[in-house]
Amino acid sequence: MNRAWTEFLMRLDDALDEAGELNRRRALRPLGRLPGGRVSLGDGRVLIDVSSNDYLGLALHPKVRLRAAEYAEQLGGGAPASRLVSGTLPEHLEVEQRLAAFKRTEAALLFASGWQANASVLPALIELMAGPVKVFADRLNHASLHAGLAQAGQRQIRFRHNDLDHLERQLQAAENHGRTRLIVTESVFSMDGDRADLEGLLQLANRYDTLLYIDEAHATGVLGPGGAGLAAALPKGAPAIVMGTLGKALGGFGAYVAGPRTLTDALVQRCGGFIYSTAPPPAVLGALDAALDLVPGMDAERERLLAAAARVRAAAEARDFATFGSTTQITPVGLGEETRALDAMKTLEDAGLLAVAIRPPTVPEGASRLRISLSAAHDDQAIDRLVEAIGAIR
Ligand SMILES: *Cc1c(COP(=O)(O)O)cnc(C)c1O
């Protein structure tokens, strides 16, 4: 009889009860994936999934599935070790070279996930800066970016979301004293679906001798030249460390960091999340190899996706719901109070659509919303149905 264990389990129960009372106890809901951006609930019902990040429908693309299966068949279910020990296959280096070419950078490095990349690359970079560092971070940055900066013990100077005037005042106010300065932002914000002004950020970075760290999780595959992300349009030699994820529009799994070869070489020496983690498995490499064949040629799908998002936004705005400056495939429908967001989720579900309510703490109090994210896999009828359902939200 271990009293500490019993008390610990009781404490967990209390925490769960507390979340339940606040109507914030989350539970996992299994969903079967179907073509056309739809899911099956297991009770015979099928919903159109407008909450997925599979923006191009590549996760279920026949070529992606087939090459993932071929790689697994030929190379095995898992990688044998971490990359520096004996886990680097020729296929890892091939995918990294292809990612670098796609991102128009000298080099790229694979990571197990986007969370892991941000949580471990930022601390490694700050350590490599070898001295006091000042970090300027957009207030709406993703939790993984916070996790990385917290892990580094780094204080953040947080600027108002996408407000470059506010950032510039902070850059002016923060006296430099030879510190390395770093601006951390997403290129497309995951909950608002709006874009950072990367050109403007680059100008500020150059004016104030500052580096950029850009998270392209939601831009990769969807925006920028050939779907290469918004940072791919920055001039060559821009002072930018770029990361993005491979489990969203690319339909695979994992993440990359792209930039000069010196950067990726230094991360291979010093980034714990790269060094002490098993190499990505062959099936993932196969999926990514096929996705990288397909993505640059998907301009028509990207255009259709963004046009559908514009329709959905117009429908939300016609009802006076906030859309948070979205200009991308992510269209938030602002509902304010949590209960309204949950009601709206129910309305959409009754209309055959799965749109998950996003509530605090993921978004600020009073900013609950449906985060509608579209996929090129949705047909016009699916978008029609969504537009109609938005009109029916109470
Ligand atoms: C999803 C996401 C991540 C995390 O990526 P995973 O590969 O899912 O761990 C990081 N940053 C942003 C902005 C994201 O949306």
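**Notebook: salt bridges and a helix pair**

I started with glutamate 349, which is buried because its relative accessible area is 14%, and buried means under 20%. I kept in mind that this is a predicted model.

Next I looked for the partner of glutamate 349. I found a salt bridge with arginine 45, the closest N and O atoms being 3.6 Å apart. Glutamate 349 sits in helix α13 (residues 338-350), while arginine 45 is in the loop between β2 and β3, so to speak a link between distant parts of the chain, 304 residues apart. Arginine 45 counts as partly exposed, at 40% relative accessibility.

I then looked up arginine 98. Arginine 98 forms a salt bridge with aspartate 289, with 2.9 Å between the closest N and O atoms. This pair links helix α4 to helix α11, 191 residues apart in the chain. Is aspartate 289 buried or exposed? Aspartate 289 counts as buried, at 12% relative accessibility, whereas arginine 98 is partly exposed at 27%.

Arginine 359 is buried at 13% relative accessible area, and glutamate 338 is buried at 16%. Shared partners join Arg24, Glu338, Arg359 and Glu365 into one network of salt bridges.

Last, I turned to two helices. How do α7 and α8 lie to each other? Their packing angle is about 10°, and their axes are 11 Å apart. They are therefore roughly parallel to each other. I noted the contact residues, including Leu164 and Leu167 of α7 and Leu201 and Leu204 of α8.

Technical notes
Residues are numbered from 1 along each chain as its sequence is written. This is a predicted model: local features need pLDDT of at least 70, side-chain atom pairs count only at pLDDT 80 or more; totals for chains, interfaces and linings use all residues. Side-chain values use heavy atoms; hydrogens and water are left out. Axes are lines fitted to C-alpha atoms, for helices over the stretch in contact, and angles run from 0 to 180 degrees between N-to-C directions. Helices (H or I, at least four residues) and strands (E, at least two) are DSSP runs, numbered from the N terminus. Angles under 35 degrees count as roughly parallel, over 145 as roughly antiparallel, 65 to 115 as roughly perpendicular and the rest as oblique. Contact means heavy atoms within 4.5 Å. A salt bridge is a side-chain nitrogen of Lys or Arg within 4 Å of a carboxyl oxygen of Asp or Glu. Buried means under 20% relative accessible area, exposed over 50%, partly exposed in between (1.4 Å probe, protein chains only).
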